[in-house]
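Colleague: Could you take me through one part of this model, the place where the two chains meet? I'd be glad of a connected account.

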Amino acid sequence: MDHKTMAPTDFEQLVTVVRYEIFSHLRRRRLWAILAIVFIIFFLILLVPPAYGVDYPPEFGMYSQVYLGFTGILVLLCATFFGSDALVSEFQHKTGFVIFPNPVKRSTIALGKFSASMIASILVICIYYGLIALFVGGIYKAIDAEFAYSFLLALLYLSSAMGVAYLISSVMKGTMGSTVLTFFLFLLILPMIEGILSFVGVKPWFFITFAGGTISYIMNVPYPQDGSFEMTVGGGQTMTIYEFYPDVWVSIAVMLGYLIVCLTLAILRFNRREMVG
Amino acid sequence: MREVIKTVGLTKKYNGFPALDELTLTIGPDVCVGFIGPNGAGKTTTIKILTNLIRSTAGKAYVEGIDIRENPKAALMNVGSVVEIPEFYPYLTPIETLDYLGRLRGMDKEYIRDRSKRVLEQVHMEEWATTRIGKFSKGMKQRLGIAQALLHEPTVLILDEPTSGLDPRGMIEVREIIKDLKKEKRTIFMSSHLLYEAQEVCDWVAMVDKGRLIYFDEVENIGKLMGPKKIELQTVEDLTESQLDTLRASEGVAEAEAVQPKVVLLRFDGSNEDRAEVLAKLVGEGVGVVSFKSSGMELEDLYMSMIEGGR
């Protein structure tokens, strides 16, 4: 083989990038940190109720819903830890001066990084769901089919959240800003706007975090429906309280949309961004 | 002539300000070209365009005839480069970094292993091969930068101030490495703000100022362009007027002037034989010669006349 003229294929280079990015997640201990959080969350929910003499809920679906309510937090941590600084760090830390002059497309580098972030994050989600299936399923001697749907929705939500994190990473100037924005976007900003929209009676179906709610709602049989009720407030006045639940198929479309649009924009921006300074 | 590196009307503007202004330059095979100019002249901008780090606003840049913007993957296949002080992933070791970059270039495992050992020895980094780069100094990173540029035995080397950040010993070693590489038939394009470095290492000099190419020729032609050389003569005692007259009458001496006590500056346009003759004559007349050496450098003189002249 003539090493000087035989360029590897884009796919071969992608595999190389994935391999070294996963290696970086292991070396930087971020993966271990999130796995530690997974185990802490899991065992707290498992052990605290009996410790206080509280019985477990009567059904697998009800108990697992308590766990699945935390999946959004794990997705947020994965997007923040594995995605938020992935692209911007090449510019801020100037490692791009070594990587970019190689015969490899930037889109290959970006896709390789994204794949590695996803692999690390999927591992985290798999372990979390695996623990729930093993221990909670063990308690009830049964696992509902909805649990599998929840798992698939969690993977989709993870992909779309990672896409958003990569888009933020591609446009921000520094890793700190990118990390903070990703974290607070999912933790505060989007849920806050969702809450305000719901308050005024607008269903926020187009919000990624609202769509992510399907992960735990799917465990309800039947699936909850939107509704509203009147509540009496001070002075005898009444106000309407709205309850909105994400439609599963609409949410799947929304999450896919976020993934495709955000990842495409992130790659385009990464391709065009100049290595200045 | 094979055109290894070529730029045609290369222009780069930052917010309307031209960092490069229609730079046209053609570099042939197996030469070492020093790319010099003041700060902000466009040296690093040119190198960044040639290594696909930034895009030109107008014009074209080619390596081995391949348009870098249109097909960077093919254009950079045989290029090794060091741009600015290179930064590496701090959690990797040099061996792992070279493995990563080698794989991206399609080198097989064994070839990467052999070459990694060789290039780390070449830059005197072998004892740090398995230490994480996060602990490295600026100079060590610069050496590793050179090592990665040489890993795949490229035919074209593009180096942005390769001795920057190195201590004096490191600078000498890197210059020696570049001189060795010249013997291996490679095209080397290196920017430098050290004129003596460019004159010592390179065969050709390209000078830029305000984004434009203002001079491009072989180093050996600079002397012809610059006319008489300056020679500084230091003596034990001041020269007498008659000794100065004798000096002025010597072959090749255009001018001789006492510039300081016991120091005479000669403007000399003769051959090396004439120069030896002048020295012999001085010693023959009983003048105690402390030193008889070229004052300043031709490239420095050229640089000052062209850059300052353009100001």
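Modeller: Gladly! About 3,700 Å² is buried between chain B and chain A, with carbon and sulfur atoms giving 57% of that area; buried area here is the accessible area (1.4 Å probe) that two parts lose on being put together, summed over both. Before going on, please keep in mind that this is a predicted model, in which local features need pLDDT of at least 70 and side-chain atom pairs count only at pLDDT 80 or more, while totals for chains, interfaces and linings use all residues. Residues are numbered from 1 along each chain as its sequence is written, chains are lettered from A and ligands numbered from 1 in the order in which they are written, and side-chain values use heavy atoms, with hydrogens and water left out.

Now to who takes part. Chain B brings 36 residues to the contact and chain A brings 40 residues, where contact means heavy atoms within 4.5 Å.

The charged pairings come next. Between chain B and chain A the rule finds 4 salt bridges, each a side-chain nitrogen of Lys or Arg within 4 Å of a carboxyl oxygen of Asp or Glu. One of them joins the side chains of Asp10(A) and Lys73(B), at 2.5 Å from N to O.

Polar contacts can be counted too: 16 residue pairs, both at pLDDT 80 or more, are in polar contact between chain B and chain A. Such a contact is a pair of N or O atoms within 3.5 Å; within protein, one must be able to donate a hydrogen and the other to accept it, and residues adjacent in sequence count only if both atoms are side-chain atoms.

Let's look at the chain B side. Strand S1 (5-14) and helix H3 (94-104) of chain B each supply at least two residues of the side that touches chain A. Helices (H or I, at least four residues) and strands (E, at least two) are DSSP runs, numbered from the N terminus. H3(B) gives the largest share of that side, 6 residues.

Sorted by class, the side of chain B that touches chain A has 16 nonpolar, 7 polar and 13 charged residues. In this sorting, Ala, Val, Leu, Ile, Met, Phe, Trp, Tyr, Cys and Pro count as nonpolar, Asp, Glu, Lys and Arg as charged, and the others, Gly among them, as polar.
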